[in-house]
Structures are given as C-alpha cells and as structure tokens.
Amino acid sequence: MPVELEETFEEDLTAADKPWQTVVWNDPVNLMSYVTFVFQQYFGFTKKKAEKKMLEVHNDGRSTVASGTREEMERDVQAMHEYGLWATLERADG
C-alpha cells in the first residue's frame, strides 16, 4: 500500500508564509505617462498592463504592482522610491 504524503494546504499556512506586495500610491507630483513608463521600465509590463496599473493608482489611489517574498518587495519599494514614486510594502490578503 502506498504511503500518503501529508499535503500542506494554503489555508494552513501561517501569516509568515504569505507573500508580500508592493503597493504604489497616487501622488500629486508624477504624471500618468511617467508612472506608466516606470511600470514598463522596471517591472517589464506591456504598455497595456502598465496603463491599467497606472489608472488603478490614479482612480483608486493605489495599485498592487508586484507580490513575492519580503526581500523582493523591499527591493521593489526601494526602486519605486528611486523613481520618485510613493510605494509601500504590505502582506498579501489570504
């Protein structure tokens, strides 16, 4: 009889196991075209995806632009700051 391996289900993961997100916030300084450019340049988004994310920032006040490990998202937040955008790091919703 085969041995059954115990599976780990997503709902069993602790908060420490959940991915992190980079959130870009709306600001009164940067042009929409510049935000689109940054998203294409840094994240490699297509123009269509970059414009969609930029419009989320503009219309909703924020957009989640990336998710991954805390270290990856810290790097992305720092990069957004270097481009002059307001960005923060937060836990992804379960």
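This is a predicted model: local features need pLDDT of at least 70, side-chain atom pairs count only at pLDDT 80 or more; totals for chains, interfaces and linings use all residues.
Three strands are arranged as an open sheet in the order β2-β1-β3, with antiparallel pairing. β2 and β3 (86-91) are the edge strands, each pairing on one side only. On average, neighbouring strands of this sheet are turned by 25° against each other, direction ignored. The antiparallel pairing of β1 with β3 extends over six bridges, and Trp25 stands opposite Trp86 in β3. Two helices pack on the sheet. α2 touches β1 and β2, and its direction makes about 130° with that of β2. α3 touches β1, β2 and β3, and its direction makes about 165° with that of β3.

Within α1, the residues Val35, Thr36, Val38, Phe39 and Phe43 are buried. Viewed down the axis of α1, these buried residues fall within an arc of 160° and therefore line one face of the helix. They pack against β1 (20-25), α2 (47-60), β2 (62-68) and α3 (70-82). Gly44, with a positive phi near 75°, follows α1.

In soluble globular proteins, nonpolar side chains tend to be buried together. The largest nonpolar core of the model holds 18 residues, of which Val24, Phe39, Phe43, Phe45, Val65, Met80 and Leu85 touch the most other members. At least two residues of this core come from each of β1, α1, α2, β2 and α3. Leaving aside residues up to four places away in sequence, Phe45 touches Phe39, Gln40, Ala50, Lys53 and Val65.

Methods
Residues are numbered from 1 along each chain as its sequence is written. Side-chain values use heavy atoms; hydrogens and water are left out. Buried means under 20% relative accessible area, exposed over 50%, partly exposed in between (1.4 Å probe, protein chains only). Helices (H or I, at least four residues) and strands (E, at least two) are DSSP runs, numbered from the N terminus. The arc is that of the directions from the helix axis to the C-beta atoms. Contact means heavy atoms within 4.5 Å. A nonpolar core is a set of buried Ala, Val, Leu, Ile, Met, Phe, Trp, Tyr and Cys residues joined through side-chain atoms within 4.5 Å. Two strands pair if DSSP finds at least two bridges between them. Axes are lines fitted to C-alpha atoms, for helices over the stretch in contact, and angles run from 0 to 180 degrees between N-to-C directions.
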